Protein chains: 2
Amino acid sequence: MSKTVFTEISPSEFFYRNRDLAGFSNPSRALYSAVRELVENSLDSCELYKILPEIYVRLTPVQIDGENSDPKHYELLVLDNGSGIEAEQIPKAFGRIFYGSKYKLRQARGMFGMGGTMSILYGQITTNKPVEIASSTDGLTFEKFIMMIDIERNTPIVLTREKGAANGWRGTKVKLRLEGDYLRSSSKIQDYFKNTALVTPYANITFIDPNGKVLHYKRGTDIMPEPPRETLPHPHGIDVEAVKRMIRLWKGGPIYKFMIQTFHRVGEKIALDFLKYAGIDPQIEPKSLGNDELVRFTEALHSYDKFLPPDGRCLSPLGEEIFAAGIVKELKPEFYAIAAREPSAYSGFPFIVEVGLAYGGKTIQPGLKLLRFANRIPLLYDEGSDVSWKVVSEEIDLKRYKVQQDAPLTIITHVCSTKVPYKTVGKEYIADRPEVEKELRNGIRDVLRKLQVYLSRVGSIERQRRKMNIYSRYMPLIARFSAALVGTKKLPPYNKLIGLDVFQEGGDEDV
Amino acid sequence: MSKTVFTEISPSEFFYRNRDLAGFSNPSRALYSAVRELVENSLDSCELYKILPEIYVRLTPVQIDGENSDPKHYELLVLDNGSGIEAEQIPKAFGRIFYGSKYKLRQARGMFGMGGTMSILYGQITTNKPVEIASSTDGLTFEKFIMMIDIERNTPIVLTREKGAANGWRGTKVKLRLEGDYLRSSSKIQDYFKNTALVTPYANITFIDPNGKVLHYKRGTDIMPEPPRETLPHPHGIDVEAVKRMIRLWKGGPIYKFMIQTFHRVGEKIALDFLKYAGIDPQIEPKSLGNDELVRFTEALHSYDKFLPPDGRCLSPLGEEIFAAGIVKELKPEFYAIAAREPSAYSGFPFIVEVGLAYGGKTIQPGLKLLRFANRIPLLYDEGSDVSWKVVSEEIDLKRYKVQQDAPLTIITHVCSTKVPYKTVGKEYIADRPEVEKELRNGIRDVLRKLQVYLSRVGSIERQRRKMNIYSRYMPLIARFSAALVGTKKLPPYNKLIGLDVFQEGGDEDV
């Protein structure tokens, strides 16, 4: 019997072979993913430092041998005014899988820290061309790298590196070539920009498409959300491995102090109460705990129910004002409503759900449409597997809110978290964690109730108007009769009465 | 402005943090995934060497502090009679992500080479206990390892290693502890075994559940499919990166010879015709090709349409006989049909679709049920995202085949390929590659047409019987009349006529 042969592959090699996992399945999907991953890196690098984003994206066809049918080679350029990347970090940040700035407990668009590298890797394996990356962190000088990736070794190969004067520009520029199919991905790419503009109304985004058409999404507000902060892990989400690591890093001292300093929202009172619950001496040194004690400690962390819920302040939701600005700017609805839910948590990870609803107007088509967002990323693929879709299609009955099935209605869901429970590296859809599902359900019900109030008011104004129309036909007659009855020639001021009534009904709108 | 901080994480660390990606989201799902991943490794190690599998799986609750509610700790034991693993390979094979035996162009249940390691990693982070692995490759001696994983370094830590007498046992045994929720996963785990038995009727599988109940899936046939063979890459599926690597390994010589020896199903005639099409001198040495020439060469590989399709002989489908044995054994239907499609290919990867249909009988419930398999793995989660579900729910109209909506019907799809286009590392569902979709559609139509023929025959037999019932009531009378008419007392043999007629109609069944 021959031996089973084992081989080791590098992380780059793994994702090179299994690029479907990261959203780079074919030239159409890959073009969309590359645009999106680079734009998201750019937005993250602005928002983290509260810089109003200016993003410029250009997609240019590269003719080879006069052929002009898709799929073909494109040049993708993404330029931002973000914080920039230190020159020393550039090669690894863009040329090494599992090397990145996203591996922390902080809300960010990026979650797996590999989108930029995957885009470059895909460009390389389809066109064999190097990528060009330039960045300035100070606005004085920039450094420019031309590089490729050694996929088998998961390491960057720098071909050239040069310095130049930045002349006030701070930010990052990435230019790469890749095989793409714009014919089949153009609608998704355009939806991506449109929906990004909806939840990022404080950004200026310019997209030059392969035909030279300029799509400009103009800033609608100067208000930016507070940058997300890094947070400590919540005790409910910690496993034995994490406890062991924290103890290894612990400077020494009693376990109750260890808990206060390394866990999210644990004060002295809760720490002592918890240790009593777990049957652990509060003065014990954590490093002295044995294997079984560590397991029991961890299990007690999960079962103790008096820890404070995670604090939503480490998250950066859109907020009603920015969300509303985006909806008004992009959807121009007749009516809109927003439900901003309180912070909640799953497995110790804090999250916030925001739900928007837009109704009527010229741009919203008949029928219910769902727009999904997670940490401000539009999610455009695999709608049917997403928890928001599950809630909308299975748990919400529009009839209960007196809304017609074909009403011109858009529901917008936004889940933000230090860790969005995506089910794929390609970030297409959110798993149906029960806690997330519940918040979405309640949020969607909230906005639908607001719509119901609005519609019934519009309905009653409509009924009132019809009544008034009838009144106005008979009023003069009735007025004349009444005047005759009381023996006067002066008619009562019925016109004014009718007008006033309508005005009072329609005066305030619940938004 | 503070600097953006970059960090590097190991592959183990990545999947530790993002274990949802690999199917280890929570104690219920993780228990299912661990059972499944280890059983699949065991089956692969038998089938690759055409050993009739004997798999023993035991799940035992581990009581801690007298608690007995789920989730709790379980001990999972999986024992097989497969080929065994060389002792030198065991620590890395089970303690290092991206180190495995599945990284080749060969059909196997495992695809990402990380299921075993992920199960052990999950066990460790929830129970902090080491795993025990024993294996024998010769039946004479075995080696046993007790080990853990250093997740931050992606490397195994061997605690003990010992040798013993195997006494004729060859195979592998894995015993680990993990947190699980059997209460919530028992139905999936049992479905998993039942469905595995359906497509692996040549295996003996024993499962002892946490309550001590023995579920025994007995071998129904001794016929085993031919083991899959490793294959060369098909020119349609090769990217520039792959071409570069192949050239690097090329021993030297003209490009037409390079093509014949490194590509799947390329002979001299096709190689020369292709090189003419691509405008490349057949005598050129591949190593002398420049960057742009490599890109043009690769693009020509994709656009040239006279390459032979991938050869299905490198695949190992179930085959009609084994598939039928499984269906009969597990579903006991009134009628079944199988459609074995011809080999096809997507992106240069060969695949074969087999579709089974089972109708009626005592175990099949009313309504259409879909069972999905890929490389003999039952796929039990995320049905709604799978291409088979898409075909069944959107593209097939049962009415066209005169099948009632609530007919007791099970459709079984099996896709086998050197690379199944899964969309997640957890192997839950298959992407809707158009080529795969088409084969599934045609296969499902095939079996439904066979069902239609069967049902119409059953229907006509039914009608015939009813007619015969009426005949048999009036026949004696008619016979007597006829006899009287011709002036005889001997009646014609009408009973025999009726019987013969029915027998002829129902004699042959199209399976």
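**Figure 1. Domain 1 and domain 4 of chain A, seen together in one view.** The centres of domain 1 and domain 4 of chain A, taken over C-alpha atoms, are separated by 65 Å. Please keep in mind that this is a predicted model. The domain assignment places domain 1 at residues 11–217 and domain 4 at residues 455–506 of chain A. Domain 2 (235–303) and domain 3 (314–454) of chain A complete the assignment.

**Figure 2. Chain A on its own.** Here you can follow 13 helices and 16 strands, which make up the secondary structure of chain A. The C-alpha trace of chain A spans about 115 × 75 × 60 Å along its principal axes. Of the 511 residues in chain A, 45% are buried. If you count the contacts in chain A with a separation of 6 or more, 74% of them come from residues 24 or more positions apart.

**Figure 3. Helix 5 and helix 10 of chain A, where their axes cross.** Two packed helices are described by the angle between their axes and the distance between the axes. In this close-up, helix 5 (residues 182–199) and helix 10 (residues 320–331) of chain A have axes that come within 7 Å and cross at roughly 140 degrees. Helix 5 of chain A is therefore oblique to helix 10 of chain A. On the helix 5 side, look for A:Lys194, A:Ala197, A:Leu198 and A:Val199, which meet A:Gly326, A:Ile327 and A:Glu330 of helix 10.

**Figure 4. The side of chain A that touches chain B.** The contact draws on 48 residues from chain A and 48 residues from chain B. Several elements of chain A give two or more residues to this side, among them strand 1 (7–8), helix 1 (11–17), helix 3 (90–95) and strand 4 (99–100). Helix 6 (240–249) and helix 9 (291–303) of chain A are also included. Which element of chain A gives the most to the side that touches chain B? That is helix 4 of chain A, with four residues; helix 4 covers residues 115–127.

**Figure 5. Chain A and chain B, related by rotation.** Chain A is superposed on chain B by a rotation of 180 degrees with 0.1 Å of shift along its axis, at an RMSD of 0.2 Å. This is the relation of a two-fold axis. The same surface serves both copies, with 100% of the contact residues of chain A recurring in chain B.

Key. Residues numbered from 1 in each chain as written. Chains lettered and ligands numbered in written order. Predicted model: local features only at pLDDT ≥ 70, side-chain atom pairs only at ≥ 80, totals over all residues. Least-squares fit on C-alpha atoms with pLDDT ≥ 70 in both. Contact = placed C-beta atoms within 7 Å. Axes fitted to C-alpha atoms, helices over the stretch in contact; angles between N-to-C directions. Parallel < 35°, antiparallel > 145°, perpendicular 65-115°, else oblique. Buried ≥ 20, exposed ≤ 12 C-beta atoms within 10 Å, placed from the backbone. Domains from an automatic or database assignment.
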